[in-house]
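Work through the exercises below with the sequence and the model side by side. Each task is followed by a stepwise solution.

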Amino acid sequence: MITFEDGLQIKLADVVATQAFASAISKVLLPGLCIYLHGGLGAGKTTLVRAMLQSLGHDGVIKSPTYTLVESYAIVGLQIYHFDLYRLADPAELEFIGIKDYVSDTSICIFEWADKGIGFIPQADIEITLDFANDSRQSARIATLNANTAKGLKTLQAMTIGQ
């Protein structure tokens with residue numbers, strides 16, 4: 001059994017590996033999940049979300065919410081909200097966009113740059129950190145997964161990665 005106590009690291013050698021990883025996550029998403037994505041600029045956070053949404057069957061345009069703060073997707077009975085808080089000047093701004101209307105037991109919220117919204121966004125069930133392997137933008141990524149709640153642990157344990 002995988003525990004995710006100290007984080008599980010997965011090497012994502014290329015875009016195909018990232019898409020497979022996104023597909024594995026997408027297959028086990030549960031309503032009510034909150035996911036934080038960590039990583040520097042260009043680490044692949046939005047690329048991962050894009051691949052997750054495509055894996056779920058979304059075939060339209062998937063825009064980065066860098067300027068809009070949130071993009072919404074209704075796919076296979078799931079309401080998924082993708083937030084990018086990079087440009088958020090003050091976490092209180094989340095009240096103005098109605099953050100409480102997005103977070104529910106029936107939606108899935110994915111936050112990039114979640115640290116900018118602490119105090120106004122829910123605790124993460126799952127945290128995924130994307131780092132450059134060998135500190136090079138051209139290299140593979142390393143994804144580190146951590147479960148912070150029982151729901152997060154159940155979700156990650158249901159994943160089949162590379163099997």
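**Exercise 1: Threonine 18**

Threonine 18 is found in helix α1, residues 15-26, where helices (H or I, at least four residues) and strands (E, at least two) are DSSP runs numbered from the N terminus. The model is predicted: local features need pLDDT of at least 70, side-chain atom pairs count only at pLDDT 80 or more, and totals for chains, interfaces and linings use all residues. Residues are numbered from 1 along each chain as its sequence is written, and side-chain values use heavy atoms, with hydrogens and water left out.

Task: decide whether threonine 18 is buried or exposed, and list its contacts beyond four places in sequence.

Solution.
1. Buried means under 20% relative accessible area, exposed over 50%, and partly exposed in between (1.4 Å probe, protein chains only).
2. Threonine 18 has 12% relative accessibility, so this residue counts as buried.
3. Contact means heavy atoms within 4.5 Å.
4. Leaving aside neighbours within four places in sequence, threonine 18 touches Leu12 and Leu48.

**Exercise 2: The pair α1 and α2**

Task: describe how α1 and helix α2 (residues 45-55) cross, and which residues meet.

Solution.
1. Axes are lines fitted to C-alpha atoms, for helices over the stretch in contact, and angles run from 0 to 180 degrees between N-to-C directions.
2. The axes of α1 and α2 come within 8 Å and cross at roughly 60°.
3. Angles under 35 degrees count as roughly parallel, over 145 as roughly antiparallel, 65 to 115 as roughly perpendicular and the rest as oblique.
4. α1 and α2 are therefore oblique to each other.
5. From α1, Thr18, Gln19, Phe21, Ala22, Ser23, Ile25 and Ser26 meet Leu48, Ala51, Met52 and Ser55 of α2.

**Exercise 3: Burial in α2**

Task: state which residues of α2 are buried, what covers them, and how threonine 47 is classed.

Solution.
1. The buried residues in α2 are Lys45, Thr46, Leu48, Val49, Ala51, Met52 and Leu53.
2. Their cover includes α1, β2, β3 (70-75), β4 (78-84), β5 (107-112) and β6 (126-132).
3. Threonine 47 also lies in α2, and counts as partly exposed because its relative accessibility is 41%.
4. From C-alpha to C-alpha, threonine 47 and threonine 149 are 25 Å apart in space, and 102 residues apart in sequence.
5. Just after α2, glycine 57 takes a positive phi of about 110°.
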